[in-house]
Amino acid sequence: MTNGGRTRRIAPALAAGAMALLLGAAAVYNIPIPMERTISAVEIRLDDPDYAAPRQIHLSGTYHVNLFSPDAFYGHIAVSGYAVTEKVMAPVLCTDRGANLTYYFEEIGTLEKTVEFGYLFADRGMRNLCICMVRPAGNGGTWDAADGRCIVSAPSRGHAVALLRAQGVPGMDAAAQRSGAQLNFDLGSRAFPIPEGKRIKSMPVLNPVLDADFIVSVAKLKTHGM
């Protein structure tokens with residue numbers, strides 16, 4: 001058999017194998033992934049550095065990782081403190097520009113009234129959630145970084161602002177410039193030695209703390225439980 005004949009036989013087999021792999025990958029990337037979890041979050045106002053309210057975000061549904069189209073989430077996203085998010089939610093299409101969080105508020109005959117709660121920014125798998133609430137919250141409107149409210153899966157306001165910036169939320173750079181603030185995006189840490197420690201000889205400390213000339217800690221009065 002000549003090399004040309006062998007090549008003509010091998011080429012279709014390779015093409016068929018490549019097509020099978022592609023179809024297999026497409027099938028895998030469209031399998032729904034069950035998701036049921038509650039995430040601790042904080043609600044902040046970009047125009048009020050003292051405002052930080054604890055929230056819980058509950059996700060229940062299926063996440064679809066798509067190979068040829070945006071990922072999608074089918075199910076429910078509820079935010080503590082906001083009754084409108086207990087309603088039936090429309091599917092969420094996860095794009096780089098954010099996804100609409102829309103809820104069906106009521107049904108009148110065949111007409112459904114929808115309520116726009118906000119815009120969702122998240123990493124694949126619904127990680128590092130940022131919800132930019134429209135104004136007025138839960139009743140349509142637009143997002144404004146000058147005085148907008150955000151619900152972010154972060155432990156504090158500082159971490160929330162850094163995550164909003166990392167997710168590419170529109171207007172965050174301009175908001176920082178208006179306030180004169182210089183945002184920190186370095187969440188890395190280094191080992192800080194504790195030579196006098198009996199059991200713990202070192203502990204991780206954030207890089208900005210170790211690199212700073214001095215630290216000013218301004219505590220805020222808490223009223224939890226009062």
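In this predicted model, the largest nonpolar core holds 25 residues, and I77 and F117 are the ones that touch the most other members. Strands β1, β2, β3, β6 (99-108), β7 and β8 each give two or more residues to this core. Apart from it lies another core, this one of 17 residues, with I44, V161, L164 and V169 among its members. As background, nonpolar side chains in soluble globular proteins tend to be buried together.

A search through the whole structure turns up 2 aromatic pairs. One of them brings together Y82 and F117, with ring centres 5.4 Å apart and planes at 65 degrees; planes over 60 degrees apart count as edge-to-face, so that is the label this pair gets. Y82 sits in the loop between β3 and β4 (88-89), while F117 belongs to strand β7, so the contact ties together parts of the chain that are 35 residues apart in sequence. Y82 comes out as buried at 16% relative accessibility, because the buried class takes in values under 20%. F117 is buried too, with a relative accessible area of 0%.

The other pair is made by Y103 and F117. Here the ring centres are 6.3 Å apart and the planes stand at 90 degrees, so this pair is also edge-to-face. Y103 is buried, its relative accessible area being 0%. Put together, Y82, Y103 and F117 make up one aromatic cluster.

Turning to the strands, β1 (residues 32-45) and β2 (residues 48-64) run antiparallel and are joined by 14 bridges. A hairpin of 2 residues takes the chain from β1 to β2. Within this pairing, P34 stands opposite T62 of β2. Strand β1 also pairs with β9 (residues 149-152), again antiparallel, through 4 bridges. There, I44 has C150 of β9 as its bridge partner.

Side chains of opposite charge can pair when their charged atoms come close. Across the whole structure, 5 salt bridges are found. One of them joins E43 to R149, with the closest N and O atoms 2.8 Å apart. This pair links distant parts of the chain, as E43 lies in strand β1 and R149 in strand β9, 106 residues apart. What about burial at the two ends, E43 and R149? E43 is buried, with a relative accessible area of 0%, whereas R149 counts as partly exposed at 30% relative accessibility. R149 has another contact as well, lying over the face of Y51 at 5.1 Å from the ring centre.

A salt bridge between D47 and R45 has its closest N and O atoms 3.3 Å apart. D47 counts as partly exposed, at 38% relative accessibility, and R45 falls in the partly exposed class too, at 26%. D71 and R124 also meet through their side chains in a salt bridge, 2.8 Å from N to O. D71 lies in strand β3 (residues 71-79), and R124 in the loop between β7 (111-123) and β8 (127-133), so this contact ties together parts 53 residues apart in sequence. D71 counts as buried at 5% relative accessibility, while R124 is partly exposed, with a relative accessible area of 46%. Finally, salt bridges with shared partners join E43, R55 and R149 into one network.

Technical notes:
Residues are numbered from 1 along each chain as its sequence is written. This is a predicted model: local features need pLDDT of at least 70, side-chain atom pairs count only at pLDDT 80 or more; totals for chains, interfaces and linings use all residues. Side-chain values use heavy atoms; hydrogens and water are left out. Two strands pair if DSSP finds at least two bridges between them. A salt bridge is a side-chain nitrogen of Lys or Arg within 4 Å of a carboxyl oxygen of Asp or Glu. Buried means under 20% relative accessible area, exposed over 50%, partly exposed in between (1.4 Å probe, protein chains only). A nonpolar core is a set of buried Ala, Val, Leu, Ile, Met, Phe, Trp, Tyr and Cys residues joined through side-chain atoms within 4.5 Å. Rings of Phe, Tyr and Trp (its six-membered ring) pair if their centres lie within 6.5 Å; planes under 30 degrees apart count as stacked, over 60 as edge-to-face and the rest as tilted. A charge sits over a ring if NZ of Lys or CZ of Arg is within 6 Å of the ring centre and within 35 degrees of the ring normal.
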